[in-house]
Amino acid sequence: MEGQICLFTTRAGIPVTNITKMADEKALSYIEASPQEDASAYGANYGAHREGMTKEEVAEYYSKWGYSGKYEEDLCPERYNGPKYGAEALVEAYPGNRESIHILDIAAGTGFLGEELHKRGFKKSTRIQLKACLQWQEKRTLPVENDTYDCTIIAGGMGEGHIPCVALHEMIRITKPGGLVVIVMREEYLDYVKEYKDRLEVLMQELEDAGKWESVSRVIVPNYSFDNNGVIFKYRVC
């Protein structure tokens with residue numbers, strides 16, 4: 001269908017591609033049990049997280065999804081709450097003087113998180129798109145000075161073919177000592193995304209042991225994305 005992203009067709013005739021490559025049976029169950037619009041939105045989101053995608057394919061997919069006009073509709077608050085959870089995590093961390101907190105919104109997309117931050121009094125946020133962040137897969141650094149931001153946050157930028165574990169080093173580098181690094185992601189990615197399984201939290205602990213940062217909290221939240229739990233990691237840079 002021109003102008004729309006179709007991944008495969010379920011038994012119910014819902015356009016969503018490659019049903020045999022779904023990350024797990026729960027995804028298929030969600031699609032089969034959901035109304036067509038929800039199922040199609042889930043399928044579109046899954047299309048950006050297929051196993052084995054290159055960084056170029058991920059960037060191209062998001063570009064087409066955005067140009068289709070469906071991105072914001074597919075990831076409406078009824079289906080995706082990562083930006084709200086991310087903003088609330090910063091509200092908890094910064095009870096006052098929010099106007100002066102300089103935040104880097106990593107993999108910002110169309111600006112969902114920035115909107116939520118602005119509603120809550122955060123006025124200084126800089127966006128960087130996922131396409132620029134994907135260079136971390138090649139262990140390249142961003143053109144940003146050390147100790148630039150009070151807080152760096154990823155809300156929704158983690159997934160198959162997305163931001164790699166090595167990005168943690170870069171987030172620490174560009175965050176001021178005493179500042180926060182916050183990662184909001186789908187909890188189940190820790191179990192089946194190869195880049196993160198038995199690696200992401202291991203690296204987080206290694207960085208804490210090395211005195212690079214200290215854990216503030218690790219919180220599981222409900223209904224993060226398409227009825228899936230999310231996890232919010234919050235670290236303070238040393």
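Strand 1 (residues 102–106) and strand 3 run parallel and are joined by four bridges, where two strands are taken to pair if DSSP finds at least two bridges between them. Helices (H or I, at least four residues) and strands (E, at least two) are DSSP runs, numbered from the N terminus. Within this pairing, I103 stands opposite C151 of strand 3. The structure is a predicted model, in which local features need pLDDT of at least 70 and side-chain atom pairs count only at pLDDT 80 or more, whereas totals for chains, interfaces and linings use all residues. Residues are numbered from 1 along each chain as its sequence is written, and side-chain values use heavy atoms, with hydrogens and water left out.

Strand 3 is also joined to strand 4 (residues 175–186), by six bridges, and these two strands run parallel. Here T175 in strand 4 is the bridge partner of Y149. Together with helix 8 (residues 167–174), strand 3 and strand 4 make a right-handed β-α-β unit; a crossover is right-handed if, with the strands pointing away from the viewer, the path from the first strand over the helix to the second runs clockwise. Strand 3 (residues 149–155) is largely enclosed by the rest of the structure, because seven of its seven residues are buried. Buried denotes under 20% relative accessible area, exposed over 50%, and partly exposed the range in between (1.4 Å probe, protein chains only).

A further pairing involves strand 5 (residues 213–225) and strand 6, which run antiparallel and are joined by nine bridges. S215 stands opposite Y235 in strand 6. Two residues lie between the strands of this hairpin, in which F226 takes a positive phi near 50°. In total, the protein chain has ten helices and six strands.

Of the 238 residues in the protein chain, 52% are buried. The accessible surface of the chain comes to about 11500 Å², and carbon and sulfur atoms account for 47% of it. These areas come from the Shrake-Rupley method with a 1.4 Å probe; for residues, only the protein chains shown count as cover.

Salt bridges were assigned where a side-chain nitrogen of Lys or Arg lies within 4 Å of a carboxyl oxygen of Asp or Glu, and the count comes to 13. One of them links K234 and E92, at 3.4 Å from N to O. K234 lies in strand 6 (residues 228–237) and E92 in helix 5 (residues 82–93), so this pair ties together parts that are 142 residues apart in sequence. K234 is buried, at 4% relative accessibility, whereas E92 is exposed, with a relative accessible area of 63%. Another salt bridge joins E188 and R186 at 3.0 Å, and both of these residues are buried. Salt bridges that share partners also connect E88, E116, K119 and R120 in one network. In the salt bridge between K70 and E73, the closest N and O atoms are 3.3 Å apart. K70 is partly exposed at a relative accessible area of 23%, and E73 is likewise partly exposed at 40%.

Ten aromatic pairs are found in a search of the whole structure. Rings of Phe, Tyr and Trp (its six-membered ring) pair if their centres lie within 6.5 Å; planes under 30 degrees apart count as stacked, over 60 as edge-to-face and the rest as tilted. Y62 and W65 form a stacked pair, with 5.9 Å centre to centre and 25° between the planes. These residues are three apart in helix 3 (residues 55–67) and are therefore separated by about one helical turn. Both Y62 and W65 are buried. The pair of Y71 and F112 is stacked because the ring centres are 6.0 Å apart and the planes stand at 20°. Y71 lies in helix 4 (residues 71–74) and F112 in helix 6 (residues 112–119), so the pair ties together parts that are 41 residues apart in sequence. Y71 and F112 are both buried. Ring pairs link Y61, Y62, W65, Y71 and F112 into a cluster.

With a disulfide taken as a pair of cysteine sulfur atoms within 2.5 Å, the count of disulfides comes to zero. Among the cysteines, C76 is buried, with a relative accessible area of 17%, and C165 is buried, with a relative accessible area of 4%.
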